Amino acid sequence: MPLLHAGVAHLAGHRASDPKLDDLTRRIGADLFARLEGGKPTVFSAKWLDDQLMAWSMEDELVKVQLFRFIDVLPALLGSTPNIVRHVKEYFGLAKDRLPLPMRWGLKILPKRGPIASLVASTAKTNAIRLAKRFIAGSNVPEALSAIEDLRKKRCAFTIDLLGEAVLTEAEADHYQQQYLDLVEGLTAAAQWPTDPQMDCDHLGPMPKVNISIKISSLYSQFDPIDPDGSAAAVKVRLLPILRLIRDRGAFVNIDMEQFSYKETTLRIFEEVFNEPEFRNWPHVGIAIQAYLKSCGDDLARLRDFSKRRGTPFWVRLVKGAYWDYETAIADQNDWEPPVFMNKWESDVNYEKQTRFLMENYQYLRPAFGSHNIRSISNALALADSLNVPAKCIEFQLLYGMADQIKDALVEMGHRVRVYTPYGQLLPGMAYLVRRLLENTANQSFLRASFIEHVSEAELLQNPADNEKPGHDDSPEHKPAATPSHSNTSLETPMFKNEAPIDFSQEAGRAAQREALAQVKKQLGKTWPLLIAGKAIETRDTITSLNPANTSQVLGKVSKASPEQARQAVAAASKAFDAWRDRPVEERCAILDKAADLMHERRFELCAWTILEAGKQWREADGELCEAIDFCRYYAAEMRKLAKPQRRDLTGEENEYFYEPRGVTTVIGPWNFPLAIPCGMAVAALVTGNPVIYKPAEQTSIIAAQMVNILHEAGVPKDVLHFLPGVGEEIGPVLVGHPEVAMIVFTGSRAVGLLINKQASETPPGQPFVKKVITEMGGKNAIIVDDDADLDQAVAGTLAAAFGYQGQKCSAASRVIVLQAAYDIFVNRLVEAAKAIRVMAAEEPGSFVGPVIDEESRKRILSYIELGKKEARLVHATDIGNLAEQGYFVGPHIFADVPPTAKIAQEEIFGPVLAIIKAKDMDEALKIANGTEYALTGGLFSRSPANIARIRREFRVGNLYINRKITGAIVDRQPFGGFKMSGIGSKAGGPDYLLQFVNPRCITENTMRHGFMPAVEKDSNS
Ligand SMILES: Cc1cc2nc3c(=O)[nH]c(=O)nc-3n(C[C@H](O)[C@H](O)[C@H](O)COP(=O)(O)OP(=O)(O)OC[C@H]3O[C@@H](n4cnc5c(N)ncnc54)[C@H](O)[C@@H]3O)c2cc1C
């Protein structure tokens, strides 16, 4: 259980066994509990109906999920009765067996229209709005003010937060900033409340009455921790005017903490801004720090040191953290060590440990405690007492609409209570509501345990550190829901595991990539030879490899094979075939594993080449590197399985079924995945026992040479793998048509793929077989956007899929089909979001769109753009300034109202050009989506369970993605490949792929001689 140990290690040093402190904590806790008496406690405020609803939903996880999902989609249904009724039926229909009988009947007979339908729809809306209003203090400043005044009457101070975290466009970020400015103006103008020493003063005197909380990622639409410099600079442009206003109006500002990947940049911005001379002496600032993070102790120590340097103390709101499920899911998906503790008690223990740290350093870090957990709160009070921290120096913060009795009890005890009060529109409000509902109903929630499940007071006040004691059962229910399942593995083969990508939100990864880029730049200008049977051949005629982002930079020269050299390579490969075929399978597999290890070791260097030569962004290059490694390890694992002969032995008859390689294999690679795709094609051929001649794409021959060197170094014999860069038109006919070439594996354009297929089908005299062809030829991939889609998700997913790596992936989205009801709003948001996209050289970490691969591509894309202007309405054309003078840049272009049959909606453009097509309903959307000659990838954004089910059945593509981007397939998890004109063959990175590289054989032996035969082994049929 290494994770647990990792977690516990971070907790080392916590004084778990301080009986006096623990006793005091329990006594304070008991006092707090006693003050809650006098009315049945509720999780939220005293709203019986809602608590009943929550209690009911919590009885069944499926019902809860359906209820919360329904609440989440409700605002998108725009009040339409048939729409609401349809979703009620779809969501609750899925959980109908778990519903009370009257609800089941009601669902069955519920009509789509008419008075009963209207009543159900308006009841659903009213209930959701009522629930939302319990957690959200109004939708405008006057409403928020009225809520604040009610709070102050109860002697609760406030901090106000503006809802709306997903900022996709710069206009939205501007609007967000403006709303904050208006909020500060409005609140400070109205804040004429008399000073109440309990609420408004600390141990040093009066404090600001107006207190604002901000999530800084909302101030910049392209906030991305891979580019802390760019993100920090852009955030500051909008943050500073807000801070100046807050300071000038005598208010207080707190910086909220978001997901872990944003933490470094958030801390950096906090330190930089509040160290500026204009803010340095300002004490009324604070930041939230999360105790569920293993790094929390380091964060606080860093902030304490910063406070010392700064010379003016500031506040820290210690919370456990709101993103536990998200953090664990991201870590699980990427095979990263979770940044959070994995057991709830560990977060509780750490909260107490860090509470002590804050108390001990209160001169530098003013302590605020954001918790509803009576044990955590009592511990803070006990520590304040035992460390003689002035009572008024600390405060407790709780969320609006939650645990009101705890607030009342704390106020009654004389403490300062501040209520975190969100306000804003219903749409972001629903997302916030769902988060609060999830938090309250989570299995591990203190509120659920205390107020709903009525766990005993003694248990609730138990010291969380008791869980550290030996013999404590570390219950599995505390683990995240999903654990990786490597389904294709068997007990006998080493478990296949995907390579973990680099977490570029952390400085270590960024520094390594920067350093590798610098190192690779020192190696430019070399000439890379052909490699035929181990002989390095430098040719007079060479291919020049340029940096597509900076065409004056020559990366190197690559030798160019002639047809005669191609023939020599085929002859050498042919000669090496028998020995390679007969080499023990395990040795071939071990070579692949070794190659994977070498790539892992040189990952940053390989990525640097990909970034420079293919114009690929850091994350994209790293994703490709991981894919290459995965191909090696996955095909090695698959080959170990395939190598086991299947036996079907009977009495007197032995049957053996097994596979043998086909023979010399030509691998023709693309430039868009210059490492991963050729690596996958080549190692699949090699591990199954076929010699390989690899002809890379001309544009990316240097990265190809690196790959070949690694495979040789890993142990692939030099006469088995030949490196033959060259011009397709010159050596292609030999590599495809040569009678000793048994198989051609190709990824590239449809035209070339079909040509290869045609050429390969010829059987010249002397060719003893029909050649096998595997091709991957592209797509015209579509995303369907349903009218109930989460548009934040749909816009972000579409942009990533359409313009990531400049739209040059076979899986890229080039059509987006939007249902009529969502059309205008989607187009507007997409265009606004596209305006914020940053076009720059891929080596800049902030690059979203880099250069296209070469001049030919640029010209082709530009000609499609001209065609698009005639066929449809150009709604966005990115201004790329003078970048076109430096490299092969084309900015994203978006066309709307594109007829489904237009050329830009039918032909593969392979660049950052997106066609938006309107569909009147899902029938039409499907017809359009399926209406091209390709069938590679496709996607759907929808929150309708029925439409999701339908699209799964009827959108016929090789890889279908629902509610996410349609690019980025991962080996084994999403085996990749299409059909129709998208390719011939089965999916790369999937269980059938290797079968294409082998011929199956079956041998039957009659073992009976004159009625005598050996005994059949028992497991021979297994
Ligand atoms: C005023 C206020 C402001 C806040 N601001 C922020 C903020 O800026 N950023 C932020 O991230 N959070 C913030 N939160 C915290 C968050 O929203 C939750 O309210 C808080 O984590 C709940 O903790 P608790 O002590 O009230 O409840 P408890 O029920 O004692 O603790 C629940 C918490 O434990 C942690 N947890 C749950 N399961 C596990 C597990 N299996 N392993 C390890 N840990 C687990 C999670 O953090 C979960 O939220 C704020 C909370 C308040 C009250």
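Buried means under 20% relative accessible area, exposed means over 50%, and partly exposed is what lies in between, using a 1.4 Å probe and protein chains only. This is a predicted model, where local features need pLDDT of at least 70 and side-chain atom pairs count only at pLDDT 80 or more, while totals for chains, interfaces and linings use all residues. Residues are numbered from 1 along each chain as its sequence is written, and side-chain values use heavy atoms, with hydrogens and water left out.

**Stop 1: E698.** Select E698, in the loop between β19 (692-695) and α27 (701-714). Helices here are DSSP runs (H or I, at least four residues), as are strands (E, at least two), numbered from the N terminus. E698 counts as partly exposed because its relative accessibility is 30%.

**Stop 2: T328.** Jump to helix α14 (residues 324-334) and pick T328. At 5% relative accessibility, T328 is buried. Show the backbone of W324 too: its oxygen is 3.0 Å from the T328 side chain, a polar contact (N or O atoms within 3.5 Å, one able to donate a hydrogen and the other to accept it; residues adjacent in sequence count only if both atoms are side-chain atoms).

**Stop 3: salt bridges.** The whole structure has 71 of them, each a side-chain nitrogen of Lys or Arg within 4 Å of a carboxyl oxygen of Asp or Glu.

- Start in helix α2 (residues 19-36), where D22 and R26 sit four residues apart, about one turn. Their side chains meet at 2.8 Å, N to O. D22 is buried at 12%, whereas R26 is partly exposed at 30%.
- Next, go to helix α8 (residues 141-153) for D150 and K153, three residues apart, about one turn. Their closest N and O atoms are 3.6 Å apart. K153 is exposed at 66%, and D150 is partly exposed at 41%.
- Then select R619 and D224, whose closest N and O atoms are 2.6 Å apart in a salt bridge. R619 is in helix α25 (residues 618-642) and D224 in the loop between β4 (211-214) and α11 (228-248), so this pair ties together parts 395 residues apart in sequence. R619 is partly exposed, at 43% relative accessible area.

**Last stop: a network.** Select E499, D597, R603, D622 and R633, which salt bridges with shared partners join into one network.
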